[in-house]
Amino acid sequence: MSQVREPEFDRVVALVLRVGAFGCFFVMLAGLIVGLFVHGRIPLGIERSGVLLMLATPVVRVIVACFLFFREKDRKYGWISLGVLIILMLGSVFGIGEH
């Protein structure tokens with residue numbers, strides 16, 4: 001178990017969060033721009049995709065962190081990340097039916 005993580009670990013996790021944040025921003029911006037010129041359900045669908053991308057970004061971050069922890073043989077935090085991922089998945093599965 002490594003006490004000090006590699007800077008590469010933090011860079012990869014930061015990259016995942018940055019790509020997710022900018023990606024959802026640009027998708028939602030595209031939905032707004034399309035909404036100016038096209039009326040109907042298409043702009044709403046694009047904006048929903050941006051929201052889904054924004055919601056999926058932390059889940060992808062946990063997946064990447066779990067993978068990186070196990071790759072560094074830091075099993076304690078790898079199992080914790082896997083537990084967080086399972087909690088996120090169970091929450092999304094059982095939370096879908098609630099309105």
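When I say two residues touch, or are in contact, I mean that they have heavy atoms within 4.5 Å of each other. With that in hand, take L68: leaving out residues up to four places away in sequence, L68 touches F9, V12 and V13.

Quick housekeeping before I go on. This is a predicted model, where local features need pLDDT of at least 70 and side-chain atom pairs count only at pLDDT 80 or more, while totals for chains, interfaces and linings use all residues. Residues are numbered from 1 along each chain as its sequence is written, and side-chain values use heavy atoms, with hydrogens and water left out.

Okay, the helices. Helices here are DSSP runs (H or I, at least four residues; strands would be E, at least two), numbered from the N terminus. Helix α1 covers residues 7-37, α2 covers 42-71, and α3 covers 75-95.

The expected span of a helix is 1.5 Å times one less than its number of residues. For the 31 residues of α1 that gives 45 Å, and the end C-alpha atoms are 45 Å apart, so the two agree.

Now, which residues of α1 are buried? They are F9, V13, V16, G20, C24 and G31. Buried means under 20% relative accessible area, exposed means over 50%, and partly exposed is in between (1.4 Å probe, protein chains only). Part of the cover over those buried α1 residues comes from α2.

That takes us to the core. A nonpolar core is a set of buried Ala, Val, Leu, Ile, Met, Phe, Trp, Tyr and Cys residues joined through side-chain atoms within 4.5 Å. The largest one in this model has 7 residues: F9, V13, V16, V64, A65, L68 and F69. Both α1 and α2 put in at least two residues each, and α2 has the largest share, with 4. As background, nonpolar side chains in soluble globular proteins tend to be buried together.

Helix α3 has something to show here too. S81 sits in α3, and S81 counts as buried because its relative accessible area is 10%. Leaving aside neighbours within four places in sequence, S81 is in contact with V62, A65, C66 and F69.

G50 is in α2, and it's buried, at 0% relative accessible area. Its C-alpha is 5.1 Å from that of V27, although G50 and V27 are 23 residues apart in sequence. Not counting residues up to four places away, G50 touches C24, V27 and M28.

L53, also in α2, is partly exposed, at 34%. With the sequence neighbours up to four places away set aside, L53 touches G20, G23, C24 and V27.

For contrast, look at Y77 in α3. Y77 and L52 are 25 residues apart along the chain, and their C-alpha atoms are separated by 27 Å. Y77 is partly exposed, at 38%.

On to charges. R11 is exposed, at 53%, whereas E8 is partly exposed, at 41%.

Then there's the surface. F22, F25, F26, L29, L32, I33, L36, F37, V38 and I42 form a nonpolar patch with about 1100 Å² of accessible area together. Patch residues have over 30% relative accessible area and no salt bridge; like charges are joined within 9 Å, and nonpolar side chains (Val, Leu, Ile, Met, Phe, Trp, Tyr) within 5 Å. The areas are from the Shrake-Rupley method with a 1.4 Å probe, and for residues only the protein chains shown count as cover. Helix α1 gives the largest share of the patch, 8 residues. V38 is in the loop between α1 and α2, and is partly exposed, at 35%.

Last stop: K73, in the loop between α2 and α3. Its phi is near 60°, a positive value in a residue other than glycine. K73 is exposed, at 55% relative accessibility.

Note on methods: Salt bridge = Lys/Arg side-chain N within 4 Å of Asp/Glu carboxyl O.
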